[in-house]
Amino acid sequence: MSLASSAGRFRIAARLIAVAGLAALTAGCFQPMYAEHTDGTPGLREKLMTVDLPPVDKPNASPEARIGVDIRNALAFKLYGTATGTAPVYKLVMKFQTSRSSLIIDPRTGLPTSENVGIDVQYNLVELASNKSVMTGTTFARTSYDIPGSYQRFARQRAFRDAEDRAAEQIAENIKTRLASYFSAGI
């Protein structure tokens, strides 16, 4: 065996030992976000279950009311899972606006063939005991859908509603992630 190959093997072994030593030093620092705590403090799942979701303030039977219910239901499922929330400590107040824009217009008919649905949400997490805002934020979602043809009005309406539902699901996921980040930061 040559001297150069044994020196190369020694360097590789030294690097592996250094990496293993660094990994051992940082092993105690990592804790999964949704892990249950053994010291009796509530975990992230229990903290998320203390968020109350009041109904979104939109006129009844309006298209915005349906979207508000979609966002609220999706967020409740993401926060609570199949269980219901516990005694509320916080409430999440949401306000949103919707938009709809044509992306592609058929030059022969002047009718859109592809449209975009947008939802912009402002949310505020309020602590119930002090009625003080502890976190605010904004999020948005944009989803597109194709219009199958000018004679298929039902298909167009169904595609529009599906795009709204996908946008509501994205909004709920964004808000849940931001709430999880807030609670896991040690608050």
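**View 1. Helix α4 lies across β1, β2, β3 and β4.** Welcome to the sheet and its helices. The direction of α4 makes about 150 degrees with that of β4; axes here are lines fitted to C-alpha atoms, for helices over the stretch in contact, and angles run from 0 to 180 degrees between N-to-C directions. This is a predicted model, in which local features need pLDDT of at least 70 and side-chain atom pairs count only at pLDDT 80 or more, while totals for chains, interfaces and linings use all residues. Residues are numbered from 1 along each chain as its sequence is written, and side-chain values use heavy atoms, with hydrogens and water left out. Helix α3 also packs on the sheet, touching β1, β2 and β3, and its direction is at about 125 degrees to that of β2. Contact means heavy atoms within 4.5 Å.

**View 2. The open sheet has 4 strands in the order β1-β2-β3-β4.** Its pairing is mixed, and two strands count as paired if DSSP finds at least two bridges between them. At the edges are β1 (51-52) and β4, each pairing on one side only. Strands β2 and β3 run antiparallel to each other over 15 bridges. In the whole protein there are 4 helices and 4 strands, arranged along the sequence as α-α-β-α-β-β-β-α. These elements are DSSP runs numbered from the N terminus: helices are H or I with at least four residues, strands E with at least two.

**View 3. Asparagine 116 sits in strand β3.** Is this residue buried or exposed? Asparagine 116 is buried, at 17% relative accessible area; buried means under 20%, exposed over 50% and partly exposed in between, with a 1.4 Å probe and protein chains only. Its bridge partner is serine 101. Leaving aside residues up to four places away in sequence, asparagine 116 touches Ser99, Arg100, Ser101, Leu103, Arg142, Thr143 and Ser144.

**View 4. The largest nonpolar core has 32 residues.** Such a core is a set of buried Ala, Val, Leu, Ile, Met, Phe, Trp, Tyr and Cys residues joined through side-chain atoms within 4.5 Å. Leu92, Met94, Leu125 and Ile175 have the most contacts inside it. At least two core residues come from each of α2 (44-48), α3 (63-80), β2 (90-105), β3 (112-127), β4 (132-146) and α4 (153-184). Which element supplies the largest share? That is α4, with 9 residues. In soluble globular proteins, nonpolar side chains tend to be buried together.

**View 5. Leucine 92 has contacts with residues that include Leu75, Leu125 and Ile175.** Its other partners, again not counting residues up to four places away in sequence, include Val51, Asp52, Leu53, Pro54, Tyr123, Asn124 and Leu179. A second, separate core of 6 residues includes Tyr145, Ala159, Phe160 and Ala163. Across the protein, buried residues make up 29% of the 187 residues.

**View 6. Arg66, Asp70, Glu164 and Asp165 are linked in a salt-bridge network.** A salt bridge is a side-chain nitrogen of Lys or Arg within 4 Å of a carboxyl oxygen of Asp or Glu, and the protein has 10 by this rule. Arginine 66 pairs with aspartate 70, with the closest N and O atoms 2.9 Å apart. Both lie in helix α3, 4 residues apart, about one turn of the helix. Arginine 66 also meets aspartate 165 at 3.0 Å, N to O. Arginine 66 is partly exposed at 22% relative accessible area, aspartate 70 is partly exposed at 23%, and aspartate 165 is partly exposed at 27%.

**View 7. A salt bridge joins arginine 100 and glutamate 115.** Their closest N and O atoms are 3.1 Å apart. Arginine 100 lies in β2 and glutamate 115 in β3, so the pair ties together parts that are 15 residues apart in sequence. Glutamate 115 is buried at 4% relative accessible area, whereas arginine 100 is partly exposed at 39%.

**View 8. Alanine 61 and asparagine 131 are loop residues.** Alanine 61, in the loop between β1 and α3, has a positive phi of about 65 degrees although it is not a glycine. Asparagine 131, in the loop between β3 and β4, has a positive phi of about 55 degrees and is not a glycine either. Alanine 61 is exposed at 84% relative accessible area, and asparagine 131 is exposed at 57%.
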